[in-house]
Amino acid sequence: MKILHTADWHLGKRLQEYSRLEEQKEVLQEIVDIAENEDVDLVLLAGDIFDSFNPNHEAVELLYKTLKKLSNNGQRPIIAISGNHDSTQFIEAPDPLAREMGIIFYSKYDSLIPTGTLDNGIQILQSETGFIQLKLPKYEFPLRILLAPYANELLLKTYLGDGDREKEFRQLMASKWEALANKYCDEKGVNLFVGHFFFTKEGEAMETEPESERPILHVGGTQALYTHNIPNQIQYAALGHLHRYHAVAKEPCPIVYSSSPLAYSFSEADQEKQVVLIEALPGKAVNYRPIALKKGRPLYRKTFHNLESALEWLGENPYCFVELTYVTESAIDASTRKALMKAHDGIVNLIPQIKNPLGQENLSLKVEDLEKDMLSLFKMYYQSERGLEPNSDLLDLFKEVISQE
Ligand SMILES: [Mn+2]
């Protein structure tokens with residue numbers, strides 16, 4: 001049985017003022033093509049389907065059109081869970097209609113997927129909250145999936161006490177998963193886990209989440225789950241949340257972040273984006289391999305010391321987004337700025353890096369500085385950050401801002 005694992009589509013996400021919708025269309029078509037070429041039996045979409053709770057209609061349309069194609073008009077089941085960027089209500093809303101096409105949305109811990117046979121012959125044999133057992137017409141053996149959409153504190157507050165909430169959270173999730181696995185997951189079927197959480201090996205230094213991925217609501221601290229919280233019966237854990245491809249652990253099974261299909265922030269500039277193809281049979285270790293995605297504009301962080309080399313590179317790399325650092329004696333003058341911006345339509349940030357900055361290297365405030373007025377403090381701050389004095393226009397603007405309540 002072939003399973004395709006993808007996550008973190010973040011449909012509707014922008015890079016500052018730049019829309020990514022056309023790139024999202026292209027890369028999702030690339031994923032559809034992979035599913036077709038590889039003759040995939042099932043797709044797992046591990047959360048952060050949209051970038052916001054209120055996605056715009058282009059993003060919504062892109063999701064539904066893509067899932068229709070990805071499901072091969074209902075022949076290839078898709079299991080999609082919500083992430084921390086998704087509205088649980090919104091994700092599950094089309095479920096009754098989508099389920100008829102073998103597309104199952106799951107976002108709430110108290111939701112129960114109805115059992116029965118769908119039009120496409122897929123049987124939903126058993127279900128419980130956070131669990132589904134399927135049978136695909138092509139295979140004799142059943143497929144069990146633990147469903148672990150992102151759970152915020154509001155969803156879980158009724159279950160958690162006032163003690164060590166993070167530990168309680170882990171125990172709550174682990175015991176639920178263990179109970180489900182013990183009840184349903186034996187070696188006569190394929191057993192999978194799909195989740196949207198931050199997983200780490202217990203005791204290992206914690207990798208920081210990308211800034212945009214830090215949940216707004218935590219269950220105590222960082223809300224990390226441990227890889228050993230995944231039950232032993234599970235053969236592959238398909239995760240979403242971290243945007244880089246990352247096989248977190250091999251025990252008790254491969255626990256893998258597939259990566260987002262596009263680089264969504266400059267902290268992802270050097271990452272290759274992928275989907276994961278898994279081959280699974282009952283009672284055996286799975287085979288899995290990442291498949292690189294090529295579509296979309298790559299993101300680069302580049303530093304230049306003169307205009308000529310910057311223009312040359314920009315000319316050679318028209319199809320990308322770039323955060324351009326320009327090393328200069330003072331500020332970037334207007335004609336240089338204009339020449340750079342004219343040369344490329346994807347300069348997202350233009351950052352001056354001042355050589356040999358004047359004055360002190362770091363801003364270190366003394367007690368007497370606290371007596372100073374706001375304008376003097378702003379000048380000190382600006383000088384320490386940029387290495388030069390703020391010009392009169394900027395100071396006027398600052399005065400105007402602080403004069404308003
Ligand atoms: Mn996420």
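**View 1. Strand β11 and its two parallel neighbours.** The bridge partner of V194 in β14 is A238, and this pair is a place to begin looking at a model that is predicted. Strand β14 (residues 236–240) pairs with β11 in the parallel sense over five bridges, where two strands count as paired if DSSP finds at least two bridges between them. Strands here are DSSP runs of E with at least two residues, helices are runs of H or I with at least four residues, and both are numbered from the N terminus. Strand β10 (residues 143–148) also pairs with β11 in the parallel sense, over six bridges, and I145 stands opposite L192 in β11. Strand β11 (residues 190–196) is mostly covered, with seven of its seven residues buried; buried means under 20% relative accessible area, exposed means over 50%, and partly exposed lies in between (1.4 Å probe, protein chains only). In a regular strand the side chains alternate between the two faces of the sheet. In β11, V190, L192, V194 and H196 point one way, while N191, F193 and G195 point the other way.

**View 2. An open sheet of six strands.** The strands follow the order β6-β5-β4-β1-β17-β18, and their pairing is mixed. At the edges are β6 (103–106) and β18 (287–292), each of which pairs on one side only. From one strand to the next the twist averages 20°, with axes taken as lines fitted to C-alpha atoms, for helices over the stretch in contact, and angles running from 0 to 180 degrees between N-to-C directions.

**View 3. Strand β5 within this sheet.** Strand β5 (residues 78–81) pairs with β6 in the parallel sense over four bridges, and the bridge partner of I78 in β6 is I103. Strand β5 also pairs with β4 in the parallel sense over four bridges, and here L44 has I79 of β5 as its bridge partner. Both faces of β5 are covered, since I78 and A80 on one side and I79 and I81 on the other are all buried.

View 4. Helix α1 (residues 21–37) lies across β1 (2–6), β17 (274–279) and β18, and runs at about 165° to β1. Helix α2 (residues 57–70) lies across β4 (42–46), β5 and β6, and runs at about 130° to β6.

**View 5. The contact between the two domains.** The domain assignment, which is automatic or from a database, gives domain 1 (2–292) and domain 2 (300–403). The contact, meaning heavy atoms within 4.5 Å, takes nine residues from domain 1 and 11 residues from domain 2. About 830 Å² is buried between the domains, of which carbon and sulfur atoms give 60%; this is the accessible area (1.4 Å probe) that two parts lose on being put together, summed over both. In domain 1, Q16, Y18 and F266 lose the most area to domain 2, together 65% of what that side buries.

**Notes on reading the views.** Residues are numbered from 1 along each chain as its sequence is written, and side-chain values use heavy atoms, leaving out hydrogens and water.

Methods: Predicted model: local features only at pLDDT ≥ 70, side-chain atom pairs only at ≥ 80, totals over all residues.
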